[in-house]
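Let's take a walk through this model together, going from single residues out to the sheet and the spaces between the atoms. Keep the structure open beside you as you read.

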Amino acid sequence: MEISSISESFRRFADKECRGSSRLYEQLSGRIAGDDDLLRIAAASREGQPIPNLFLGAVHLLLLSGFEHELVDYYASIVPNPKDAAAAFDPFKHFCLLYRDELAQLLATKLVQTNEVRRCAYLYPAFCLIHRLSNKPLALIEVGTSAGLQLFWDQYRYSYDPVDGFFGNQQSSFTLATSLRGSNMPFLYSDSPPVASRLGIDLHVNQLQYSEDRLWMKALIWPEHRERMEHFEVAASNFDNQAVQLIEDNALACLDSAAATIAEDHALCIFHTHVANQLSLADKQQLCEQIRIIGETREVYHLYNNMWDADLYLDSYRNGRFHRSSLAETDGHARWLKWKL
């Protein structure tokens, strides 16, 4: 990617994603966009990756790994009282130039693979809808699963302000809270719909038992987002490796064979969150075509966002008929959702 395009990606990241969510990343990204030295380092990123997320995550990983530098004083993930983000750029640039070789290695090998557990709060009403339509236990296949934490959405408990009460796993002490906007309220089962099986596919599966993979997932969480870090730690500590199958492969190459293992008396649910940002238009079209072909012979549900726009969509193939619904507008970190149906 050309330097000018990388610059624009950082400027857009600062303005559209970081503003109001991470002052540190907003300040850094806005300045990186105009700094050729840092843009050249960022240019070492793997093709198809969201470069600002990858670059900032790589720096965060080195700091979390114990690299000593004054830059740590600006990271709320490392120090309890970080310094003003407005003054962070100069030490940030010094750190990047000092460790440019280490950063280049990370940028060339790592993938942006978050498990934003709170996104399960907008997946939950969607899976309630799927179960209501199918009246079958759900067989889950997640594309871009990372470590597989979202495959356990039925094990978490949810609250939806301003709705009273809890939903999902009523026995869980781990509650994911989000706010509902607008006048439409989603249908919510008080208890989680039944899940028959869980399978995740990713180019690289992050193994939570490996300290390097676990630290990389933490590094992808923005420094000020302590609640996101807590969500990750709790979900990771409760991860059940025996109850899920994780496949390291290209989903386009193995989705058909994976779907073929799902019994007809289960509702096949293929889902992904935000991973479509990293797919080319041709790959998006191929994924939809593969699911369409699967839907010619069985009931299948495709739940996703960031394919055509930021909304959460559900494509269903039932009784030979295709139906697409835009379910909700959602915040990227699931702090709120606006149900549309």
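Start at C254, which is buried, since its relative accessible area is 8% and anything under 20% gets that label. Keep in mind that you're looking at a predicted model. Does C254 have a disulfide partner, or is it in no disulfide? It is in no disulfide: the nearest cysteine sulfur belongs to C288, and that one sits 16 Å away. The cut-off for a disulfide is a pair of cysteine sulfur atoms within 2.5 Å, so a gap of 16 Å rules this pair out.

Now hop over to C120. This cysteine is buried as well, with a relative accessible area of 0%. For C120 the nearest cysteine sulfur is that of C128, 12 Å away, and C120 is in no disulfide either. Run the rule over the model and the count of disulfides comes to zero.

While we're on buried residues, have a look at two in helices. L103 lies in helix 6, which covers residues 100–109. Its relative accessible area is 0%, so L103 counts as buried. What is L103 in contact with, once you leave aside its neighbours within four places in sequence? The list is I41, F55, A58, V59, L62 and C96.

Setting aside residues up to four places away in sequence, A219 touches G57, H60, L61 and L64.

How many strands form it, and in what order? There are 11 strands in an open sheet with mixed pairing, and reading across you get 3-2-4-11-10-9-8-7-1-5-6. At the edges you'll find strand 3 (167–168) and strand 6 (245–248), each of which pairs on one side only. Zoom in on strand 9 (residues 312–318) and strand 10 (residues 321–330): they run antiparallel and are joined by seven bridges. If you want a landmark there, find S316, which stands opposite H323 in strand 10.

With a threshold of 30 Å³ or more, the count of cavities is one. The largest cavity has a volume of about 50 Å³. Which residues line the largest cavity? They are Q113, T114, N115, E116, M217, I221, R228 and F232. By class, this lining has three nonpolar, three polar and two charged residues.

Finally, turn to the second largest pocket, whose volume is about 180 Å³. Its lining is made up of 14 residues, and those that lie nearest the centre are Q155, Y156, N169, S172 and N238. Sorted by class, the lining of the second largest pocket comes to six nonpolar, six polar and two charged residues.

Notes:
Residues numbered from 1 in each chain as written. Predicted model: local features only at pLDDT ≥ 70, side-chain atom pairs only at ≥ 80, totals over all residues. Heavy atoms only, no water. 1 Å grid on protein atoms, 1.4 Å probe; cavity = no way out; pocket = protein on both sides within 12 Å on 5 of 7 lines; lining within 4 Å. Points joined across faces, edges and corners; volume = space filled by probe spheres on them. Nonpolar A, V, L, I, M, F, W, Y, C, P; charged D, E, K, R; others polar. Buried < 20%, exposed > 50% of the residue type's maximum accessible area, 1.4 Å probe, protein only. Pairing = 2+ DSSP bridges. Helix = DSSP H or I, 4+ residues; strand = E, 2+ residues; numbered from the N terminus. Contact = heavy atoms within 4.5 Å.
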